[in-house]
Amino acid sequence: MRYSDEVQSSLGHLKADVLVVGAGLAGLACAIRLARGSNGTRRILVLEKSAHAGGHLLSGAVLRTDALRQLLSPDEFAALPLGPAVVRDSFHALTPNGSFRLPFVPPKMRMKGLPLVSVSALGRALAKIAADLGVEILTGQTADNLIWNGDRVAGVETQGDLVLAPITVLAEGPAGLLSRELFARHPEMRGTNLQTHGLGFKEIFEIPANPDAAGTVAHTFGYPLGLGIYGGGFIYHVDAAHVALGLALAIDYRDPAVHPHELFRQWKRHPFVQRHIAGGTPVEYGARLVPEGGWHSLVRLDAPGAFVVGDAAGLVDTMELKGLHLAVESGLAAADAILRGGAIRREDVPSLAGLRRTANYRAAFRAGLPVGMAAAGLAWLTRGLLPAGRLPQRDERTCLQPLGDKPPAKAAPDQGPLDFGLDSDLYLARLRSRAGAEHIEIKDPAICRECFRRHAAPCARFCPAAVYEADDDARAIRIRADNCVQCRCCTLKCPFDNIRWETPRYGVGPDYRLS
Ligand SMILES: Cc1cc2nc3c(=O)[nH]c(=O)nc-3n(C[C@H](O)[C@H](O)[C@H](O)COP(=O)(O)OP(=O)(O)OC[C@H]3O[C@@H](n4cnc5c(N)ncnc54)[C@H](O)[C@@H]3O)c2cc1C
Ligand code: SF4
Ligand code: SF4
């Protein structure tokens, strides 16, 4: 679908008191709190690259609500589009053909009583609350670069215009390019460990009405990821007629033959998953990164003229795959720091204490699933004292090994609605495109030729949107930029850092509504 020319309209040069980049939960929470605390005395601008608020938001999502209750009035909270509360949760080990339900759900995975949400719908609702408070939310506007005044952030360049502000809040989600620019200029902000990421696939199925299932939640581990790839699946019956399901897998895998979307399909074909979607039709597809590094990978949350909040700062509790509450908490903390004219400390984001307790959790999985699980249990029992010290993370770009004898997996043909291939899945991301929005370039085709030889062009597999098409004979990559769902995986996983990817402009990309 092409988007109207309106989103291209020039902003001219603008000035704001506070500029927020990104209308996700982190950015919107910050803007709402600031607007309330400023009583109309500050001009607060939010730039959002999606054509409308919520269009690029994708999450599980089971929501911890404490921070939102703190942000909103009881009436505002009551009016939020929250789904049913979780009534039953369970945890399952999958083998290729079977499944085994664990007799208990690990403490951090217990979700009973928490509401299921569409983060896209929640984003739309929060954007309306912010706009009613006088926050200016400019959609279809991509912040391209930071503007610097010495080492101080002084605003952003957006689609050819300048937006100047004494304070810029970066709430652009995981692996954002502006945050990377900030950390490059202020390396002291970086965490002690490298950040690592998972690639999360999500699909929503419409199923024949099954009121008994509404509010049930199942998590899986094991098949098809095996012992070597960190990750797992989730199946959320978000209401009687819809199931949200997904698989998140760490992109620090070493085997270049891995094909994440095919793994997602294998997982969906498993009898345990098929049971939940029998007779259903997929209605939305998307993919997104999630930062997983945890405590030791957290960055400092402020710099001269800037704050970094939510996933942009790595604020996700990996053990429970939850970051929405941390996004809201950090948005609140940044707003409070701005209102009092001070800095922001980790203690201002209360749920970060939980990350400290599991500081080495994710890094322990480098040694495989059994060691990781044992370390997780140990950390929980000893309140984070063990494993002691700091375990390092694997570098997700350089960890790919040469391709072995086995040829890499090819995408299987489309097998109908319960097992869509990537092209059919992409149709469900409702991609908007527009001439002039090309944003991907191969830096050096000669490097790709070497990469075909060593790793058989992993971008042709790791991209969850089939943007990179491998021409094996010519050892060259063809780019289908219009397919991009903007997960940013290619900016981290190309083993030679040979892809120039810019954040897409003009409101192009997915149009999530239910995710
Ligand atoms: C598969 C999956 C399942 C998950 N499940 C859960 C769950 O069940 N519960 C939970 O709590 N968490 C879950 N999470 C994590 C959660 O989704 C994130 O932690 C949360 O969404 C982070 O919010 P954010 O506001 O920081 O970033 P985002 O939600 O990513 O929002 C960033 C916004 O910034 C915009 N943006 C980015 N760059 C620019 C730019 N340059 N210019 C303008 N706008 C820009 C984006 O379009 C987007 O709207 C899950 C994540 C995944 C991937
Ligand atoms: S773009 Fe990167 S991953 Fe793809 S073939 Fe070229 S070097 Fe390899
Ligand atoms: S091109 Fe890159 S950012 Fe776009 S979907 Fe593919 S991996 Fe993600």
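I began today with a strand pair: A470 stands opposite I477 in β22. The model I am reading is a predicted one, so everything below is a reading of that prediction.

**Entry: the β21–β22 hairpin**

Strand β21 covers residues 468–471 and strand β22 covers residues 476–479; the two run antiparallel and are joined by four bridges. Four residues lie between the strands of this hairpin.

Which residues come nearest to ligand 2? I noted C448, C451, C459, C494 and N498, out of 13 residues around the ligand. Helix α13, residues 445–455, gives the most to this shell, with three residues. By class I have twelve nonpolar residues, one polar and no charged.

I then turned to ligand 3, which has 13 residues around it. C463, V467, C484, C487 and C490 are the closest. This shell holds eleven nonpolar residues, one polar and one charged.

**Entry: ligand 1**

How many residues surround ligand 1? I have 43 on my list, and the closest are G24, G60, G173, G310 and G323. I also looked up which elements give two or more residues to this shell: they are α1, β3, β13 (197–206), β16 (242–250), β17 (281–291) and α8 (324–340). The classes come out as 20 nonpolar, 16 polar and seven charged.

**Entry: helix α1 against helix α4**

Helix α1 spans residues 25–38 and helix α4 residues 119–132; they pack at an angle of about 20 degrees, with their axes 9 Å apart. That angle makes α1 roughly parallel to α4, because angles under 35 degrees count as such. The crossing of α1 past α4 is left-handed.

What meets what in this contact? From α1 I wrote down L25, L28, A31, I32 and A35, and from α4 G123, L126, A127, I129 and A130. By class, the contact has nine nonpolar residues, one polar and no charged.

I took a closer look at the β8 end. Strand β3, residues 44–48, runs parallel to β8, and four bridges join the two. Here L47 stands opposite L138 in β8.

**Entry: the four-stranded sheet**

My last stop was another open sheet, with four strands in the order β1-β11-β10-β9 and mixed pairing. Why is one side of β1 and of β9 left without a neighbour in the sheet? Both β1 (14–15) and β9 (143–149) stand at the edges, each with a single partner strand, so one side of each stays without a neighbour in the sheet.

Further in, strand β10 (residues 152–158) and strand β11 (residues 161–164) run antiparallel and share four bridges. I looked up G155 and found L164 in β11 as its bridge partner. Helix α5, residues 177–185, packs on this sheet and touches β9 and β10. The direction of α5 makes about 25 degrees with that of β9.

How values were computed: Residues are numbered from 1 along each chain as its sequence is written. Chains are lettered from A and ligands numbered from 1 in the order in which they are written. This is a predicted model: local features need pLDDT of at least 70, side-chain atom pairs count only at pLDDT 80 or more; totals for chains, interfaces and linings use all residues. Axes are lines fitted to C-alpha atoms, for helices over the stretch in contact, and angles run from 0 to 180 degrees between N-to-C directions. Angles under 35 degrees count as roughly parallel, over 145 as roughly antiparallel, 65 to 115 as roughly perpendicular and the rest as oblique. A crossing is left-handed if the near helix is turned anticlockwise from the far one by less than a right angle, and right-handed if clockwise. Two residues are in contact if their C-beta atoms, placed from the backbone, lie within 7 Å. Ala, Val, Leu, Ile, Met, Phe, Trp, Tyr, Cys and Pro count as nonpolar, Asp, Glu, Lys and Arg as charged, and the others, Gly among them, as polar. A residue is near a molecule or strand if its C-beta atom, placed from the backbone, lies within 6 Å of it. Two strands pair if DSSP finds at least two bridges between them.
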